[in-house]
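Please look through the sequence and the model before reading on.

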Amino acid sequence: MDSRTDVLVIGGGATGTGIARDLALRGVDVTLAERDGLSAGTSGRSHGLLHSGARYAEADGPEARACLEENRILRRIGGACIRETGGLFVQLTDDDPAYFEAKRDACEEVGIPTEAVDGETARETVPDLAADVDRAMRVPDGVLVPSRLVAANAADALDHGSRILTHAPVTSMTVDSGRVASVALGGDVDDTVRPEFVVNATGPHAGRIGDMTGVSVEMRPTRGVMVSVEYDDLEPVLNRCRDPDDGDIIVPHDGEVVLGTTSVAVDDPDDYERADWEIEKTIRECAAMLPAVADAERARTWWGVRPLYEPDEATRGGRGISRGFHLLDHADEGVANCCSIVGGKLTTYRRMAEATADLVCDRLGVEVECSTADERLPGASEPTRLDEFVRRFDGQGPTDTDLVGR
C-alpha cells in the first residue's frame with residue numbers, strides 16, 4: 001500500500017491519541033501508527049493517578065497549576081475514564097512537619113483547595129491508616145483509567161475521519177530535501193505513508209524515532225515498579241507528605257490498591273532489569289502509611305518507563321522535581337515537517353496534545369481552535385462502550401485490568 005495523510009502521529013499512548021483526536025476535531029486528516037496495541041507503553045503502565053497539582057506545588061507552581069486545570073477538565077470530559085476519589089497527603093511522626101506546611105502554603109498560592117486534619121480525623125476516613133499518622137491534608141486528586149482514556153480518544157479521532165493503525169511499527173523513514181517524505185510501517189500493516197507532517201509521540205522511544213528522522217531527541221528514561229494488592233477499603237489516594245521517594249503513593253481501585261513506585265535509570269526502554277528490591281521497598285514504604293498492604297495478597301506487578309527529557313533532567317537534577325513537557329520543533333535541525341513531544345505526565349496529556357496540534361495547524365495553515373477541553377469523550381457515560389473501545393484497539397494495559405470490562 002501507499003497512502004497519503006496530512007499528519008502521521010507515531011505513538012498510541014494518551015498523548016498520541018490525544019493529538020490525533022485534537023487534529024481530527026479541527027478537520028485535519030490524521031493517521032496514527034502504534035507498534036503494539038494502544039496503551040502498550042507508558043500510559044497503560046502507570047499508577048493511574050489524576051494529579052491535583054499538590055505533589056508539585058512547592059517545586060513548580062506553573063506545572064502544579066497546569067495539573068489542577070487539566071484535572072478539572074478531565075473530570076468534565078472523561079466520565080467513566082475518571083474515578084472521583086479525592087486524595088490525602090499524610091504526615092507520619094518521623095516526617096518533617098515543615099514540609100507539610102510548605103506544601104500547604106504552596107497549594108494555597110497555586111489555588112489547589114486543601115483541608116488539614118489531625119490523625120484521628122484522617123483515620124475516620126481511612127480506618128486502617130497507620131497509627132503514627134500525625135495529620136493529613138485533603139486534596140482533589142483522583143484516579144485515571146488509562147486504557148479507557150486512550151481508547152476513547154482514539155475512537156473519537158476515528159469517528160472524525162482518522163485512521164488508527166495498531167501493531168504497525170515504523171520500520172524506516174525517508175527524508176528528502178529537509179522533509180520527511182515517507183514512513184514505512186510493518187507488522188500487521190504493510191503501508192508506506194507519505195505525510196505532510198510527522199509527530200513523534202513515542203514517549204521513552206522518542207530518541208529512536210528521532211534517529212530515523214536524522215534529528216536528536218535526547219531521552220533519559222527511568223523505570224518504576226507498580227504493585228497491585230488486594231484491598232477493598234480505601235477511597236482516597238494516599239501520598240506520603242515528604243520529599244518524593246520510593247513507595248510514596250497508594251492509588252485505590254475497586255478491590256485493589258496500586259502501590260508505587262521507584263525511579264531507576266534505564267538504557268533501553270524495551271530491555272531493562274526488573275529488580276525484586278524495588279517490589280520489596282515499594283511495599284514496605286507504602287505499608288508505613290497503610291500497614292494492611294504489607295500482608296495483602298499480590299494481584300499483579302508491572303514496570304513502566306517514564307519518557308524523561310535529558311536536558312530537562314540535567315537542569316533539574318533529581319527525582320521528584322516536577323517535570324513539564326517539551327515540544328521540539330525539528331525545523332530547527334533541518335527537518336521542516338516534523339516535531340517531537342516528550343516529558344509531561346498522564347494528567348496533562350490533553351494540554352500536551354493541544355500544544356502539539358497548535359504547532360501542526362500553524363504549519364498546515366489550519367485556522368481552527370482546539371475544542372478538546374469542552375467536548376466530552378465518546379462513551380464517557382457508558383463504561384461498557386468505553387471497554388468496547390479498549391477491545392477494538394487492543395488497548396488493555398496492566399494499570400487498570402481489574403477495572404476495565406467489569
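What follows goes from the whole chain to its strands and then to single residues.

## Basis of the report

The structure is a predicted model, in which local features need pLDDT of at least 70 and side-chain atom pairs count only at pLDDT 80 or more, while totals for chains, interfaces and linings use all residues. Residues are numbered from 1 along each chain as its sequence is written, and side-chain values use heavy atoms, with hydrogens and water left out.

## The chain as a whole

The protein chain holds 10 helices and 20 strands, where helices (H or I, at least four residues) and strands (E, at least two) are DSSP runs numbered from the N terminus. Its radius of gyration is 21 Å, close to the 22 Å that the globule rule gives for 406 residues, so the chain is as compact as a globular protein of that length; the radius is taken over C-alpha atoms, and the rule is 2.2 Å times the number of residues to the power 0.38. Along the principal axes, the C-alpha trace spans about 65 × 45 × 40 Å.

Of the 406 residues, 61% count as buried, a term that means under 20% relative accessible area, with exposed over 50% and partly exposed in between (1.4 Å probe, protein chains only). Among contacts (heavy atoms within 4.5 Å) with a separation of 6 or more, 74% come from residues 24 or more positions apart.

## A three-stranded open sheet

In the order β3-β8-β4, 3 strands form an open sheet with antiparallel pairing, two strands being paired if DSSP finds at least two bridges between them. The edges are taken by β3 (49-50) and β4 (82-83), each with a single partner strand, so one side of each is left without a neighbour in the sheet. Between β3 and β8 (residues 142-144) there are 2 bridges, and Leu49 stands opposite Val143 in β8.

## Strand β20 and its partners

All of β20 (residues 338-343) is covered, in that 6 of its 6 residues are buried. This strand runs parallel to β12, to which 3 bridges join it, and Val199 stands opposite Cys339 in β20. With β19 (residues 325-329), by contrast, β20 pairs in the antiparallel sense over 5 bridges, and the bridge partner of Leu327 is Ile341.

## Two buried residues

Phe197 belongs to strand β12 (residues 191-200) and counts as buried at 2% relative accessibility. Leaving aside neighbours within four places in sequence, the residues in contact with Phe197 include Asp6, Val7, Leu8, Cys338, Cys339 and Val360.

Glu285 lies in helix α7 (residues 276-287) and is also buried, with a relative accessible area of 19%. Residues up to four places away in sequence not being counted, Glu285 touches Arg240, Arg242, Asp246 and Gly247.

## Backbone points to check

Most residues other than glycine have a negative phi, and most peptide bonds are trans. The peptide bond from Gly260 to Thr261 is cis, with omega near -15 degrees, and Thr261 is found in the loop between β16 (256-260) and β17 (264-265).

Ser39, which is not a glycine, has a positive phi of about 70 degrees; this residue is placed in the loop between β2 (30-33) and β3 and is buried, with a relative accessible area of 2%. Asp394 has a positive phi near 50 degrees, lies in the segment after α10 (383-392), and counts as partly exposed at 43% relative accessibility.
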